[in-house]
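Please consult the sequence and coordinates alongside the text.

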Amino acid sequence: MSDARQVAEAAARASYGRLVALLASRTRDIAAAEDALSEAFATALRVWPERGVPDKPEAWLLTAARRELSHTARAASVRASAQHLIELASAHAVQPDNTAFPDDRLKLLFVCAHPAIDAGIRTPLMLQTVLGLDASRIAAAFVVAPSAMGQRLVRAKTKIRDSGLEFRIPDCDERATRLADVLQAVYAAFSTGWDDVSGADDTVRGLSGEAIFLGRLLVALMPREPEPKGLLALMLYCEARRPARRCRDGGFVPLRTQDTRLWSRDMIIEAEGLLTSASRAKIFGRFQCEAAIQSVHCQRSVTGRTHWPALIRLYDLLAHHETTLGVLVSRAAVIATSGDAALAKQLLNQLPIERIDSYQPYWVTRAYVYRQLADHNGARDAARRAISLTHDPAVRAYLSETYNVR
Amino acid sequence: MQYMLMYTEPESKFAERNDPKAAPDYWGAWSTYIGAMSAAGIVVNGDGLQPPHMATTIRVRDGQREVQDGPFADSKEQLGGYFVIEVAGLDEAMTWAAKSPSAVYGSVEVRPVLPPMKP
């Protein structure tokens, strides 16, 4: 029993997204594909322990899911879409080589991150359809109610089915912007894991592992595109430092004082390789640039120093292409650390008040810059504001100790 | 699939329709756009609409007819016309929406048309 269960679970992890993509790519009915697939998994768990695990579990699951889809389609034959489902099921019923089915996951990723789908639901949609994560796990990571997340996912899938969104790889002229949306959605999954430094509670831990899986998938599916490699490199550089972000008693450790011996060498080496490979395309990309910035930080594990002028150049380049608040604030922080706190203060003060009002990294950076300028009152005021915007107790404790405020 | 493209325009653009200086450009842009859609063979039907101040909005509440002079919602952009087109999917419908004159100065809502109800 446990063998069959393990094989079924392994097959589920490895091929869930492939099977959903394949089942849904013609009908665009993701929900029906997921239902059919979960029926197929349930049947597998019932049948495999008795009759043994099939030679090709994936192909078995696909056939079972298609049979389920065609049953559902016949039962719902009044519906206009039913005919498509029957056509789909019968078209694939006899296939000479079941192991060689196509990988439609890239199309599925592009559908999930389509501009007609609300930006806030793209990442959850990807996590559910490609990785098979359940709504409550996704909801926990995004800190929303499971019922609300479930509803939003259902609504997005209905829009994909009924509004004529096509499962296709975008043409050349829209490829870059559409790919940027896909990458952004994957990066958003990674960020849920990153903000939760503690990661102590397993149920609300972030999705960084899932994001890295999606990053690897994109690199494999689009080997010629440099930006997926840039994104994967960026995530690996950050992930490599995770063990050093906490000291033994759970306290927060900022990047510049982290013990580099705790960083994962393997991940850093993999990231370096990806970034080198991406740079051969000689096309500027936001994620390559951000990865290069993290590469400079990670160099400290070899050289023992941080090369600040290189960081400033990279942030200048990034800010030139991507004038986001995060980039501008980080750039100011780097300029302050490299010795020009007066310029950093000037840059921070140029940012519009309504945008920085509740942006925690701005207030952390402001506290840091004002302290360097020996404006201790200004630093404490900013630190108090930063603390009020910080959710993580360890980061709050670090800030209040560093700036001597409550 | 069929989609309705709903073109909304600001007050200033409705005014251009009857402004001797601006009208030729205004109507010229629309006829170029509509000509391109016709040439592509995607038009099911469509029309421009008279300006919002010509609208009358009707509600029946508790059996009583309530009549309002003007459009149903008072917003900066108002419906100026619509086309129903037949295309392969949403991407193509969005492309046609983006080509319209009002995409630049107003907005275009794209909605899939419900298939006809079964008898």
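In this predicted model, helix H16 (residues 341-349) of chain A packs against helix H18 (residues 360-372) of chain A at an angle of about 145 degrees, and their axes are 9 Å apart. The crossing in which H16(A) passes H18(A) is left-handed. On the side of H16(A), the contact involves A:Ala341, A:Ala344, A:Lys345, A:Leu348 and A:Asn349; these residues meet A:Tyr362, A:Thr365, A:Arg366, A:Val369, A:Tyr370 and A:Gln372 of H18(A). Sorted by class, the residues of this contact comprise six nonpolar, three polar and two charged.

The loop between H18 and helix H19 (376-388) of chain A contains A:Ala374. Although A:Ala374 is not a glycine, its phi is positive, at about 60 degrees. A positive phi, near 55 degrees, also occurs at A:Asn404, again a residue other than glycine. A:Asn404 belongs to the segment after helix H20 (393-402) of chain A.

The axes of helix H5 (residues 105-112) of chain A and helix H6 (residues 119-131) of chain A come within 9 Å and cross at roughly 155 degrees. With angles over 145 degrees counted as roughly antiparallel, H5(A) and H6(A) are therefore roughly antiparallel to each other. H5(A) passes H6(A) in a right-handed crossing. From H5(A), the residues A:Arg105, A:Leu108, A:Leu109 and A:Cys112 meet A:Arg122, A:Leu125, A:Met126, A:Thr129 and A:Val130 from H6(A). This contact of H5(A) with H6(A) has six nonpolar residues, one polar residue and two charged residues.

H5(A) also packs with helix H10 (residues 208-221) of chain A, at an angle of about 120 degrees and with the axes 10 Å apart. The contact is formed by A:Arg105, A:Leu106 and A:Leu109 of H5(A) together with A:Leu214, A:Leu217, A:Leu218 and A:Leu221 of H10(A). By class, the contact of H5(A) with H10(A) has six nonpolar residues, no polar residues and one charged residue.

The angles and axis distances are collected below.

| Helix pair | Angle | Axis distance |
|---|---|---|
| H16(A) and H18(A) | about 145 degrees | 9 Å |
| H5(A) and H6(A) | roughly 155 degrees | within 9 Å |

Over all chains, the structure holds 10 aromatic pairs. In one of them, the ring centres of A:Trp48 and A:Trp60 are 5.3 Å apart and the ring planes stand at 75 degrees, so the pair is edge-to-face. This pair links distant parts of the chain, with A:Trp48 in helix H2 (residues 30-51) of chain A and A:Trp60 in helix H3 (residues 57-75) of chain A, 12 residues apart.

On the level of domains, the assignment for chain A gives domain 1 (2-102), domain 2 (104-194) and domain 3 (319-406). Taken over C-alpha atoms, the centres of domain 2 of chain A and domain 3 of chain A are separated by 32 Å.

Chain B has four helices and six strands. Along the sequence, chain B follows the pattern β-α-α-β-β-β-β-α-α-β. Along the principal axes, the C-alpha atoms of chain B fill a box of roughly 50 × 45 × 20 Å.

Notes. Residues are numbered from 1 along each chain as its sequence is written. Chains are lettered from A and ligands numbered from 1 in the order in which they are written. This is a predicted model: local features need pLDDT of at least 70, side-chain atom pairs count only at pLDDT 80 or more; totals for chains, interfaces and linings use all residues. Side-chain values use heavy atoms; hydrogens and water are left out. Axes are lines fitted to C-alpha atoms, for helices over the stretch in contact, and angles run from 0 to 180 degrees between N-to-C directions. Helices (H or I, at least four residues) and strands (E, at least two) are DSSP runs, numbered from the N terminus. Angles under 35 degrees count as roughly parallel, over 145 as roughly antiparallel, 65 to 115 as roughly perpendicular and the rest as oblique. A crossing is left-handed if the near helix is turned anticlockwise from the far one by less than a right angle, and right-handed if clockwise. Contact means heavy atoms within 4.5 Å. Ala, Val, Leu, Ile, Met, Phe, Trp, Tyr, Cys and Pro count as nonpolar, Asp, Glu, Lys and Arg as charged, and the others, Gly among them, as polar. Domain bounds come from an automatic or database domain assignment. Rings of Phe, Tyr and Trp (its six-membered ring) pair if their centres lie within 6.5 Å; planes under 30 degrees apart count as stacked, over 60 as edge-to-face and the rest as tilted.
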